Amino acid sequence: MKTQIDKNLNLRNTFGKFATGVSIVSFLGKGNQPFGVTVNSFTSVSLDPPIALWCIDKKSELCESIINKKNYVFNFLADDQINLAVKLAEKDNHNLIDADCDIQEYGPILKNSIGWVACSKREIIEAGDHFIILGDVEEISSLNDKRNPLVFWSGKFQNLK
Ligand SMILES: Cc1cc2nc3c(=O)[nH]c(=O)nc-3n(C[C@H](O)[C@H](O)[C@H](O)COP(=O)(O)O)c2cc1C
């Protein structure tokens, strides 16, 4: 018989077979310091009006500050930004002080990302062990460069070949 642990592992492995891009959600925290967290739950929801969502783990140390924040930015990563993705996925290591970013109205913009989407909070929905954060898209930008996106698949960062 399958234990709960087996079921959770199986669920995580199966969800992980869906390949995603990787983004950094960035925001200004205490004392206007720039913070970021690696996420793959970005989803575009609506074009008219423009809405995007992501999900945050209720256990994240950033959860309380994020759900109380009005503005934040999705920064879509290229595959040469893997080190930043790894750093910002570490527990308790979310400062962006050494990252190359511009502080703009909606939050920190990572200079080398392949695109960014700045949002203001629209709605937060509790869903199991996560909160779904829906945001109104306020500003966007995308780069027309030749780099490939950073991809996450099967529990690992991957390169498009
Ligand atoms: C590729 C990848 C995607 C992730 N996506 C999410 C996500 O969508 N939501 C989330 O809450 N955490 C996500 N995480 C986990 C966070 O990046 C990070 O590990 C966690 O926030 C660390 O714990 P802390 O917030 O308590 O410091 C992801 C991690 C990786 C490596």
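**Strands, sheets and the ligand shell**

Me: How many bridges join strand β11 to β12, and which way do the two run?
Reply: In this predicted model, strand β11 covers residues 150-153 and is joined to β12. One of the residue pairs set opposite each other is phenylalanine 152 with phenylalanine 157 in β12. The two strands run antiparallel, and the number of bridges between them is 4.

Me: What is the strand order of the open sheet with 7 strands?
Reply: The protein comes to 3 helices and 12 strands in its secondary structure. In the open sheet that 7 of the strands form, the pairing is antiparallel, and the order is β3-β2-β6-β9-β10-β5-β4.

Me: Why is one side of β3 and of β4 left without a neighbour in that sheet, and by what angle are neighbouring strands turned on average?
Reply: β3 (34-39) and β4 (43-47) each have a single partner strand, so they stand at the edges and one side of each lacks a neighbour in the sheet. Between neighbouring strands of this sheet, with direction ignored, the average turn is 35 degrees.

Me: Within the sheet, how many bridges join β9 to β10?
Reply: Strand β9 takes in residues 115-127 and strand β10 residues 130-142, and the two run antiparallel. Lysine 121 stands opposite glycine 135 in β10. The bridges that join β9 to β10 number 12.

Me: Which residue in the turn between β2 and β3 has a positive phi?
Reply: Strand β2 (residues 23-28) runs antiparallel to β3 and is joined to it by 6 bridges, with phenylalanine 27 having phenylalanine 35 as its bridge partner in β3. The two strands form a hairpin with 5 residues between them, and the turn residue with a positive phi, of about 65 degrees, is glycine 31.

Me: Are the residues of β3 buried or exposed?
Reply: A residue counts as buried when 20 or more other C-beta atoms lie within 10 Å of its own. For β3, then, 6 of its 6 residues are buried.

Me: How many residues of α1 are buried, and what distance separates its end C-alpha atoms?
Reply: Helix α1 is hardly covered, with a buried count of 0 among its 12 residues. At 1.5 Å a residue, the helix (residues 4-15) should span 16 Å, and this agrees with the distance between its end C-alpha atoms, 16 Å.

Me: Which element gives the largest share of the shell around the ligand?
Reply: There are 17 residues around the ligand, and those that come nearest are Val39, Ser41, Asp57, Ser60 and Ala89. Two or more residues come from each of β3 and β5 (50-57). The largest share, 4 residues, comes from β5.

Me: What is the radius of gyration of the protein?
Reply: The C-alpha atoms fill a box of roughly 55 × 40 × 35 Å along the principal axes, and 27% of the 161 residues count as buried. A compact globule with 161 residues would have a radius of gyration near 15 Å, which agrees with the value for the protein, 16 Å.

Methods:
Residues numbered from 1 in each chain as written. Predicted model: local features only at pLDDT ≥ 70, side-chain atom pairs only at ≥ 80, totals over all residues. Expected span 1.5 Å × (residues − 1). Rg over C-alpha atoms; globule rule 2.2 N^0.38 Å. Pairing = 2+ DSSP bridges. Axes fitted to C-alpha atoms, helices over the stretch in contact; angles between N-to-C directions. Near = placed C-beta within 6 Å.
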